[in-house]
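The tour goes stop by stop.

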Amino acid sequence: MLPGIGLFGTGHVVRVIVPFLREKGFKIEAVWGRTLSEAAEVADALDIPFHTSRIDDVLLRKDVDLIFIMCSPNLHAQIAVKALGIGKHVVCDKPAGLSQYEALKMVRAAQYYPSLISIVNHSLRFLPAFVRMKKFLDEGYLRGPVTVIDVRVQMGSLLHDGYDWLCNDTMGGGILALVGSHVIDLIFHLVGQRAIRVHAVVRTFTRTTKFINGIRHISSPDFCSFQLELSGGALVTATLSNHLPGQLNQEVLVCGGGDHLVVRGGDLYGFREEGMNNGGKEEILYLDVDDIKEQSPPVTDSIPLPYVKGLRKLIGALREAFQPVEDKKGWIKEPVSSAATFDDGLYVQAVIDALRQSNRRREWIKVCVLTEEPDPNPLLSAAVRATAISI
């Protein structure tokens, strides 16, 4: 038995994943939109039986057991915590909230309800090239420990024609939050090392467009370059840019012991020094031949093909997790064991916070993962403690 799906969001990603969900046998029962008209438009276009602009109307439906949160990040924590609290499984889009504080709320909710699925959509983990890269790394393809990781992502603009949350840095827009979160999570997934210190340059070069001008300006970054020092001694350098319209160039290079593995787009290549007798050429370890049929609307810059393919594999893994169990709410862990958890989302948020701080202060910053909710009024708390001591 597969659970009924409740969708939150009306953006492009919703239109892309609905055919994938139906392809795997899931039934979409309800969709939520910021306004009733947006929800109605998506429901009509995608043949979804119920639409609403009230969050609780989706969460409280008895035929909905799995929630996909694909709306703006300012609502991620609120919906995820409430959904887990009433016994719904949750798949949340990246990033996990707007701050560590919000991500920590999601982590706490997931810890309270460990029998429920709670994962973050870091879909690159499921892209076949990275699945094989991790396997090669675990099996010792590199003769020495990982020393250098180099990531380069060049793509088109993430903005829509109208002004929305994607234009605003504090609302979760920009290449650092939307693509950088994937990169930070992928590095931890591949090598098992977390960032301890970071340095970043983050810039917004495109402040107006043909459609967004006048009194409104874009504050979300379209370029960032950052370095991470990992716990195992490896160094990461990453450059992410929104200045290559209409296409995606993505390269992830992992070096160690004179050897390297590299994913270009969806293909995996490897090089070993002991194989220099082949003329010092890279060997092809995996070629991406998965041809996704043209969606309606087609996949655009806002969701590059590797991320869509990874998301499709993630949905397939969810089907395998639910399929063997007769109870709609029952599931087995193994198929989704490699998915990003809310804990991983909290770590990613901690690194992003440190990168933003580094950009402001122009210096290396230590990564501090939040373990307790910050005191909302430290001055009042200090006064209360001082009063208690004096008594």
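Helices here are DSSP runs of H or I, at least four residues long, numbered from the N terminus. The model is a predicted one.

**Stop 1: helix 6**

Select residues 128-138, which make up helix 6. Which of its residues are buried? They are P128, A129, F130, M133 and L137. Now show their surroundings.

K134 is partly exposed at 23% relative accessibility, and D138 is exposed at 54%.

Then move on to G140, which follows helix 6. G140 has a positive phi, near 85 degrees.

**Stop 2**

Select R125 and D344. Their side chains form a salt bridge at 3.3 Å, N to O. This pair links distant parts of the chain, 219 residues apart. D344 belongs to helix 9 (residues 342-361). R125 lies in the loop between strand 6 (118-121) and helix 6. Are these residues buried or exposed? D344 is buried, with a relative accessible area of 8%. R125 is buried too, at 6%.

R125, D185, R194 and D344 are linked in a network of salt bridges.

**Stop 3**

Go to R34 and E38. Their side chains meet in a salt bridge at 3.2 Å, N to O. R34 is exposed, with a relative accessible area of 61%. E38 is partly exposed, at 25%. How many salt bridges does the whole structure hold? The search finds 21.

**Stop 2: the cysteines**

A disulfide needs the two sulfur atoms within 2.5 Å. By this rule the count for the structure is 0 disulfides. C71 is buried at 8% relative accessibility, and C92 is buried at 0%.

**Stop 3: the largest pocket**

Centre the view on G11, M70, H160, W165 and L166. Of the 35 residues lining the largest pocket, these are the closest to its centre. The pocket holds about 980 Å³ of space. Helix 1 (12-23), helix 7 and helix 8 are the elements that give two or more residues to this lining. Helix 7 gives the most, with 3 residues. Colour the lining by class: 17 residues are nonpolar, 13 polar and 5 charged.

**Stop 4: the second largest pocket**

Where is the centre of the second largest pocket? Select L116, S118, W331, K333 and T341, the closest to that centre among its 16 lining residues. About 280 Å³ of space lies in this pocket. Helix 5 (100-112), strand 6 and helix 9 each supply at least two residues of the lining. The largest share, 3 residues, comes from helix 5. By class, the lining of this second largest pocket has 10 nonpolar, 4 polar and 2 charged residues.

Note on methods. Residues numbered from 1 in each chain as written. Predicted model: local features only at pLDDT ≥ 70, side-chain atom pairs only at ≥ 80, totals over all residues. Heavy atoms only, no water. Salt bridge = Lys/Arg side-chain N within 4 Å of Asp/Glu carboxyl O. Buried < 20%, exposed > 50% of the residue type's maximum accessible area, 1.4 Å probe, protein only. 1 Å grid on protein atoms, 1.4 Å probe; cavity = no way out; pocket = protein on both sides within 12 Å on 5 of 7 lines; lining within 4 Å. Points joined across faces, edges and corners; volume = space filled by probe spheres on them. Nonpolar A, V, L, I, M, F, W, Y, C, P; charged D, E, K, R; others polar.
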